[in-house]
Amino acid sequence: MHRVASAGNTSNSTRPRKEKRLTYVLNDADDTKHCAGINCLAILNSATPNGCDHLFTGSRDGTLKRWALSDNDATCSATFESHVDWVNDAVLAGNNLVSCSSDTTLKIWNPLSDGVCSRTLRQHSDYVTCLAAAEKNSNIVASGGLGAEVFIWDIDAALLPLAKTVDPKEEELPNGNLGLPLSSLRGMNTGNNMSFHNNQSRGYSPIVAKGHKESVYALAMNDSGTLLVSGGTEKVIRVWDPRTGSKNLKLRGHTDNIRALLLDSTGRFCLSGSSDSMIRLWDLGQQRCVHSYAVHTDSVWALASNSTFTHVYSGGRDLSLYLTDLSTRESLLLYTKEHPILQMALQDDSIWVATTDSSVHRLPAEGCNPQKVFQRGGSFLAGNLSFTRARASLEGSAPVPVYKEPSFTIPGIPGIVQYEILNNRRHVLTKDTSGSVKLWEITRGIVIEDYGKVSFDEKKEELFEMVSIPAWFAMDTRLGSLSIHLDTPQCFSAEMYAVDLNISGAPEDLKINLAQETLRGLLVHWAAKRRQRSGSQASSNGNVASSNDVTRNLPHSKIEVDDGTENNTFVVLPSFEFATDSPPSIVTEGSHGGPWRKKITDLDGTEDEKDLPWWCMDCVLNGRLPPRENTKCSFHLQACEGSSVQILTQGKLSAPRILRINKVINYVIEKMVLDKPLDGGSSDGASGLGLSTGPSQLSTLGDISLRPGMKPWQKMKPSIEILCNNQVLSPEMSLATVRTYIWKKPEDLVLNYRLVPK
């Protein structure tokens, strides 16, 4: 199981509270396809004879999708986006779709909606790995996870309106209210309104099945909801009464983790699949294993049976899908490919197969009459010892699959598996599962170059730039796409000159904070809808900054949003405009509903400090940035050995890290003391510039203006070059770049200057 750091600090630690993180996920242009492995499948059969069946897929990309099925087609009709980590399992329970995730939550959805989450349930302390539902008692769902916890949920009760409560601690913000209104809780029918753990259910708590000491990976329930079985790393199957949470019995026999469980409709027989490569059939009435099937050569991760429980389809880590007759022990290899099988779902005479790939395959299964498949021949008799199939495979007697290719495939897109953040801290080079190499601009969320299948390392070397910009974000690809994490105050450490961002008409010395402008680009739609809701009165009260305040009178490219108010233009720099056809998704930790995820174009303006980090809102609405460190670079400026040129300055100098060497050259020229005028010019009795030494700060150096009274030879700007470690520096280099790539020492930077040799 893929483990990541938790999204928020829910412990009782006395350490200073860490500010909430804001993450944005860059989505592919084709948002109708998954970009990571498919962990789970669920089939919703049509209620009418001529209706359309639907397939639900849950992915490691953090989303679920609904597919409208026909004979030879599948159309994505909705994306369910709210989980912030892998979707591990999903079940249909009556009129609800229930999903669970590594973000520790369960989410309830209307399966035929446009993807809006009805409720978020938080009770698990760790990843939620599996679900089970009772087909006839449709409001009962069980959940299990890595925290050694099993909960039984009454979905109808969980969906009841919640009481409105306010936790005084949650009303407090670290730096006061920042001029932002504290709104009361909104209606409780959205997906982000459950509070944390024991405090979140507010009147409803699930039944707890206590007894597991280790992680739970598999659950199954009979149709009536009177029997629940669970298994995990303890290698035993526990049998529960889900109505009370009481433990009935424990079954031993597997020698490794239990990864898949099935119950027949009556609850008498149980099938289990394990990492010991065995499938076992248990008679719960007799409380013993009645058959063992050595079919696979590696871990069994998925099981599915026909309606009469006479045949089982199994798949797992050995990349193979088998069909086994439980009574005759006859087995048949149906299909094998290059990806491990994670889950299966039967639909009429077909079976859908989910793997670690982003595509989903459909194969003929003869689910109504599985025996027909055996008439093709090629079957073998399953042994009852785990090494028998492995030994047969080693001896070269591996069976030939019945199907070479699936009958139909819902294609996914390749997920990103490798990345390199380039030195300019705006471009990221990626490589996906197909070997394709692309260059992303993360401040716009787009691919700016697709290099195709080339060497990642060679392309990385080709794109190397000798430039030093602070690391202002963290990144990962656990969802198969780029997730960019922003933490305050570190994210505000990177600045660039506006001219380097090709902003026409901007002053040469204007500095742009990369994180601030990125946040403006991400929240432009939210800010417009917020203004629309608050109206012109709220704007005049100072709750929303005017467009001049927000943009500091910079020459921005305009995104027009007609919100019905006078001030209807929220403007962003062109280098920070995110595409609206494939917008990124915001991921953060809410005060009440836990972590949530939503596309930036789907933010409706009601999100406030309970939903978004306060520092993000303060930055976008009020233009305030937190105090930052290490934005300056200290250095010494000395004449080269043997040079007759001196400057009237003493001590250590300090300047912004992004200051360019050409500004240092200008400073040297302005402060120069010469023995004689250049090119024989008259000094008018002066032996030099005669400038007094000012403060040793170059915080706002620009081009030197020619002051009144300057001598003609002074206006002729002599040619000066700056050196570091005896290497002549390019005027376009920044102090940070020189320190990182030329100086390479922890001590203060030392720069030397001299006249350019003729």
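Predicted model: local features only at pLDDT ≥ 70, side-chain atom pairs only at ≥ 80, totals over all residues.
Let's start with strand 48, which covers residues 720–724. Of its 5 residues, 5 are buried, so the strand is largely enclosed by the rest of the structure. In a regular strand, side chains alternate between the two faces of the sheet. Here, Ile720, Ile722 and Cys724 point one way, while Glu721 and Leu723 point the other way. Glu721 is buried along with the others.

Which strands pair with strand 48? One is strand 50 (residues 749–755), in the antiparallel sense, over 4 bridges. In that pairing, isoleucine 720 sits opposite leucine 755. Another is strand 49 (residues 727–728), also antiparallel, over 2 bridges. There, leucine 723 faces valine 728 across the pairing. Strands 48 and 49 make a hairpin with 2 residues between them.

**Rings against rings**

Now for the aromatics: the structure holds 10 aromatic pairs. Two of them are set out below.

| Pair | Centre to centre | Angle between planes | Geometry |
|---|---|---|---|
| Tryptophan 153 and tyrosine 204 | 6.3 Å | 40 degrees | tilted |
| Tryptophan 352 and phenylalanine 408 | 6.3 Å | 90 degrees | edge-to-face |

Why does the pair of tryptophan 153 and tyrosine 204 count as tilted? Planes under 30 degrees apart would be stacked and those over 60 edge-to-face, and this pair has its planes at 40 degrees, so it is tilted. The two residues come from distant parts of the chain, 51 residues apart. Tryptophan 153 is in strand 12 (residues 150–154), whereas tyrosine 204 is in the loop between helix 3 (197–200) and strand 14 (207–208). Both tryptophan 153 and tyrosine 204 are buried.

Elsewhere, Phe56, Phe80 and Trp109 form one aromatic cluster.

**Charges over rings**

Where does the charged end of lysine 745 sit? Over the ring of tryptophan 743, at 4.5 Å from its centre. Lysine 663 does something along those lines with tyrosine 497, lying over the face of the ring at 5.3 Å from the ring centre.

Notes. Residues numbered from 1 in each chain as written. Heavy atoms only, no water. Buried < 20%, exposed > 50% of the residue type's maximum accessible area, 1.4 Å probe, protein only. Pairing = 2+ DSSP bridges. Phe/Tyr/Trp six-rings, centres within 6.5 Å; stacked < 30°, edge-to-face > 60°. Lys NZ or Arg CZ within 6 Å of the ring centre and 35° of its normal.
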